[in-house]
Amino acid sequence: MGSITILESINRALVDAMEADEAVLILGEDVADPEDGGVLGVTKGLSTRFGDHRVRSTPIAEQAIVGAAIGVSLGGFKPVAEIMLMNFTTVAMDMIVNHAAKLRFMSGGQTNVPIVIRTMTGSGFANGGQHSDYLEAWFAHTAGIKVVAPSNPSDAYGLLRSAIDDPDPVIFIENLPTYFTKGEAPESGHRVPIGKASVVREGSDVTVIAYAKMVQEAAAAVEALASRGISAELIDLRSIAPWDRETVLASVKKTGRAIVVHEAVTPFGAGAEISSVIHENLFHALKAPVQRLGAAFCPVPFSRPLESAFAPDAAAIEAAVGRLLT
Amino acid sequence: MTNRTAPDAATLVAIYRRMALIKANDERSRKVIMTGRLVMPYYSPRGQEVIPSAVSANLNDNDYICTIYRGTHDMLAKGVPLKDLWAELAGRVTGTCKGKGGPMHITHPKSGVMVTTGIVGSSMPIANGLAWSSQLKGDGRVTVAYFGDGASNIGAFHEALNLASVWKLPVVFVCQNNEWGEHTAYEKATSAPRVADRAASYSMPGIRVDGNDVLETYAAARDAVERARSGAGPTLVEAMTYRFHGHIFGDTDAYMDPERKAAAIAADPVPRFREWLIEQGHAAEADLAAMEAAIDAEIDQAIDYALASDFPDVGELSRDVFAAEAA
């Protein structure tokens, strides 16, 4: 076990980014210290350290939050807007999709929108149908937006620093149930390039592609498979848009089998895109059709046994890989 | 015409020049579409010339505006050059946005036009952010958000006014109440008898003016801009006007009462202000006629320039999506 949680590493990335560049701002619901530095304390200490002009709590008004972030970025700043929960991005979709994503293109490159939208989500905490969805495919489907979803503290730090450096809008997805997962502490200034996956474990029989919390579930599954003599390669995608085709295709070329695992529902999800690209590029190298494993195609349920069965877990991933190999 | 704290003759003539430019540009736009020289979606601002002309007279070149799809008057009044504008309307590479934005998405930072949105209400939340950047930098700039009466019914209006008031942002919300939200009359869509009354909900001044009266609109804009620049916060200005044409070019405007429309056109604010300038001795007829002729020539040149310009290369499809061009 390492020495820092994902939540702490995000806080540290924000501190270091604000320290390094006065143009970095934070806004969102409850983000300043008088409001507890965020509902879970992700932004704790920042307004005290950097002043409430740079770290501003906002009304519960997501269009106003993202609109202000867009405008202040056009004025030369680098805001990190917190949309408390990913489902709340739906309230600000016009600002994100019609404006943040498109202003660079529609202005012919005269303006750009260097904003980060931090947002948390994930099933497993009994928050039900409107507080737990993974909506990354919606954003990945929109030209002009980048989407990242780290699975460990070091990547969370490095991806957030890269997202803040980035000249374009980035959706930074945090997973609520794994906020307190510990891992290796990142070095100050560490960067994870957007669009670069990491090979968590090398293997030769099958490639498991996952991101966010599913990396942790897949790691357990891969461990169990190893004890059965199955050598699985685990790729943590880290960035969903753009995603690292090179690393994924190289791996699947080697193993000949692949499964994409995500917590979002399966139909029209990121797994469909990744699976398609693998088929288009490696059809003749495949030993079996690429599989997708996602959540049940229903709203996130409340009741414990339903919620437990909703998203893939290590056992489901192990079983799905087993089917792929038979 | 009211006459409180009138601006000087040079300012008044400069306001008229903007109005004459907008009117001539609108007439030419419709002609160019009608004769088939250019195909574009066009939302005529005819009848609403006074508002941005009088507002802009209170703005500096580096002040920001965010406007909407019915916005060529706002852009011209703020100083977007005719050639760049026309080339963009024609989808040419010489346009403000290399032809990639089009009439509903003009951006021209050099003249302070930061965003033109095709989404009703969306100018306001972004204007807040620009105003926040000025507040942080202390650069003294003011941001004006233009929108129509219809936009006062959408959530973005209410979210934006609330935030602007809580944060005391240097922004002016200018509602151009032309009595129509697309094809629906104001009173059928709006619960408040006056948009300006809605300012009370957000603890900011709300002032309604005759938006076809130059002096009244100028004075209200001056007060609102001064208030914003001084750090006292936002103002909502509701400027009453009337849209001379249908929502979009080609719309038969059958839903508009012909008598009301005829009365509005008979009271056309552009010739009315022209006459007043001459009557009051602020300008000589010959000088205004020369100015108008020069405007006509400038528009002709801009259209010729636009139509003679190249279209963008299809390679533009992969440029400006992100900072780095996709491989």
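This is a predicted model: local features need pLDDT of at least 70, side-chain atom pairs count only at pLDDT 80 or more; totals for chains, interfaces and linings use all residues.

Residues are numbered from 1 along each chain as its sequence is written, and chains are lettered from A and ligands numbered from 1 in the order in which they are written.

Between the chains, 34 residues of chain A are in contact with 34 residues of chain B, where contact means that C-beta atoms, placed from the backbone, lie within 7 Å. On the chain A side, α3(A) gives the most, with nine residues; helices here are DSSP runs of H or I with at least four residues, and strands are runs of E with at least two, numbered from the N terminus.

Turning to the core, the largest nonpolar one has 191 residues, and B:Val237 is among those with the most contacts inside it. Such a core is a set of buried Ala, Val, Leu, Ile, Met, Phe, Trp, Tyr and Cys residues joined through C-beta atoms within 7 Å, buried meaning that 20 or more other C-beta atoms lie within 10 Å of a residue's own. Helix α8 of chain B, residues 214-229, contributes the largest share, nine residues.

Finally, chain A has an open sheet of seven strands in the order β3-β2-β4-β5-β7-β6-β12, with mixed pairing, where pairing requires at least two DSSP bridges. β3 and β12 of chain A stand at the edges, each with a single partner strand, so one side of each is left without a neighbour in the sheet.

How values were computed
Two residues are in contact if their C-beta atoms, placed from the backbone, lie within 7 Å. A residue is buried if 20 or more other C-beta atoms lie within 10 Å of its own, exposed if 12 or fewer, and partly exposed in between; C-beta atoms are placed from the backbone.
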